[in-house]
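Work through these exercises with the model open beside you. Try each task before you read its solution.

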Amino acid sequence: MNILVQLSHPAHYHLYKNSIKSWQSNKHNVFILIKSKDILEELLKNADIEYYNILPVENRKSKFDILLGLIVKDLRIFMFSKKYKIDILTGSTPEVAHIGWFMNKSSVNTGEDDMLVVPAWKRIAGPFVQTLLSPIVCNNDTLEQKSVKYESYHELAYLHPNHFQAYKDIVEKYFSSKKPYVIIRFAKLNAHHDKGIQGINTEIAQKLIDILKPYADIYITSERELESQFEQYRIKINPLDMHHVMAFAQLYIGDSQTMAAEAGVLGVPFVRFNDFVGRIGYLRELEDVYNLGYGIKTNEVEKLYKTVSDLISMPDRSKVFALRRQKMLSEKIDYAQFLTWFIENYPQSAQIMRENPDYQYRFK
């Protein structure tokens with residue numbers, strides 16, 4: 001079988017990487033298509049994975065630019081699929097749905113954001129979606145009838161204990177793992193669904209550092225330009241090592257979604273500070289059901305300071321969060337195993353899941 005995987009974000013590489021290995025081991029041909037996005041290409045190069053970049057330069061200055069980029073990607077994926085006789089397309093992008101529909105090929109979209117959070121995606125991709133694979137807690141709105149739901153998270157495709165073990169010697173490449181440390185992350189918040197979304201500003205960042213300094217070393221990773229006062233805390237980490245560094249942190253604080261969820265499934269307390277709080281199902285579950293992290297809106301600055309202060313001074317914090325993580329893992333499946341099976345056996349797999357959702361629990 002010829003499988004096309006489209007990646008448009010660094011998190012998508014992690015989502016698919018274990019399934020890609022399994023498909024290749026099972027003698028399927030896997031073709032990876034990307035666009036240039038943040039550290040995505042760097043990740044693939046560092047992992048020595050073959051890929052095709054169908055959009056090396058992307059202009060997103062206007063809605064017209066975004067539309068033009070979408071059309072270019074559609075055309076290039078169509079030509080690629082035709083040339084390599086693709087049997088099934090998968091990815092989190094509208095193009096997967098478009099080309100699957102246009103060429104009458106099997107297509108599976110993967111997503112974990114509620115559709116009300118990504119209305120543009122729903123408008124552009126929704127009419128063409130064949131199957132949308134998403135966590136059971138997601139609200140897929142008008143796409144519910146096209147959805148197959150499972151008990152897991154994207155992050156458990158690569159951070160489930162079946163696939164990931166953290167090593168302190170990797171942390172030692174950057175700093176001493178023997179000293180307690182905190183990771184702070186600044187996201188760009190410039191995607192189409194980030195419009196109007198606020199996060200950690202300069203004043204808040206400085207106050208957080210003042211709270212944390214008596215307890216731990218502080219390391220900042222940032223997608224956006226840093227003010228000069230924070231440069232002393234900046235650290236450059238190989239993207240392939242980031243999860244090892246995260247796993248031994250005392251806390252993770254940031255305004256991004258994915259890294260907050262990654263910290264949570266690793267059992268590292270996270271504090272997420274942005275205006276998406278309360279709007280994304282899988283993060284609400286990590287926060288409200290499993291108590292692995294805390295989502296705080298940007299109009300609750302004092303709550304942010306108190307939460308961080310309480311967490312960093314919490315007795316037996318590591319043990320408490322390890323137990324919470326174990327409860328979460330006991331109730332979730334290994335998403336990489338499930339995704340591998342689902343694509344290999346599609347469309348029969350979709351029918352099986354709709355008739356017997358408990359079939360997924362074979363993938364623990």
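**Exercise 1. Find which residues Leu116 is in contact with, leaving aside its neighbours within four places in sequence. Then decide: is Leu116 buried or exposed?**

Solution. The model is a predicted one. Step 1: locate Leu116, which sits in the loop between strand E5 (106-110) and H5. Step 2: list its contacts beyond four places in sequence, which are Asn139, Asp141 and Arg279. Step 3: check the surface. The relative accessible area of Leu116 is 54%. Exposed means over 50%. Leu116 is therefore exposed. Step 4: compare sequence with space. Leu116 and Ala336 are 220 residues apart in sequence, and their C-alpha atoms are 26 Å apart.

**Exercise 2. Decide whether Ala120 is buried or exposed.**

Solution. Ala120 belongs to helix H5 (residues 119-125). Step 2: read its relative accessible area, 19%. Step 3: apply the cut-off. Buried means under 20%, so Ala120 is buried. Step 4: look along the chain. Pro94 is 26 residues from Ala120, and 10.0 Å separates their C-alpha atoms.

**Exercise 3. Work out where the buried residues of H11 lie around its axis.**

Solution. Step 1: size up the helix. Helix H11 covers residues 301-312, 12 residues in total. From first C-alpha to last it reaches 17 Å, close to the 16 Å expected at 1.5 Å a residue. Step 2: pick out the buried residues of H11: Leu304, Tyr305, Thr307, Val308, Leu311 and Ile312. Step 3: look down the axis. The buried residues of H11 fall within an arc of 165°, so they line one face of the helix. Step 4: turn to the other side of H11, where Glu302 and Lys306 are exposed. Step 5: ask what the buried residues pack against. Their partners include strand E8 (181-186), helix H7 (202-212) and helix H12 (317-331).

**Exercise 4. Name the buried residues of H10 and say what covers them.**

Solution. Step 2: find the cover, which includes helix H9 (258-265), E11 and E12. Step 3: go past the helix. Asn291 follows H10, and its phi is positive, near 55°.

**Exercise 5. Give the strand order of the open sheet of 7 strands.**

Solution. Step 1: recall how strands join. Strands of a sheet pair through backbone hydrogen bonds, either parallel or antiparallel. Step 2: read across the sheet. The order is E3-E2-E1-E4-E5-E6-E7, with parallel pairing. Step 3: find the edges. They are strand E3 (52-55) and strand E7 (147-150), each pairing on one side only. Step 4: note the twist, which averages 25° from one strand to the next. Step 5: zoom in on one pair. Strands E1 (residues 2-7) and E4 (residues 88-91) run parallel and are joined by 4 bridges. Leu4 has Leu89 in E4 as its bridge partner. Helix H3 (residues 63-83) lies across E1, strand E2 (29-35), E3 and E4, at about 145° to E3.

**Exercise 6. Which residues have the most contacts inside the largest nonpolar core?**

Solution. Step 1: the core has 96 residues, and Phe338 and Phe342 have the most contacts inside it. Step 2: helix H13 (residues 335-344) gives the most to this core, with 7 residues. Step 3: another core lies apart from it, with 11 residues, among them Phe80 and Ile86.

Notes. Residues are numbered from 1 along each chain as its sequence is written. This is a predicted model: local features need pLDDT of at least 70, side-chain atom pairs count only at pLDDT 80 or more; totals for chains, interfaces and linings use all residues. Side-chain values use heavy atoms; hydrogens and water are left out. Helices (H or I, at least four residues) and strands (E, at least two) are DSSP runs, numbered from the N terminus. The expected span of a helix is 1.5 Å times one less than its number of residues. Buried means under 20% relative accessible area, exposed over 50%, partly exposed in between (1.4 Å probe, protein chains only). The arc is that of the directions from the helix axis to the C-beta atoms. Contact means heavy atoms within 4.5 Å. A nonpolar core is a set of buried Ala, Val, Leu, Ile, Met, Phe, Trp, Tyr and Cys residues joined through side-chain atoms within 4.5 Å. Two strands pair if DSSP finds at least two bridges between them. Axes are lines fitted to C-alpha atoms, for helices over the stretch in contact, and angles run from 0 to 180 degrees between N-to-C directions.
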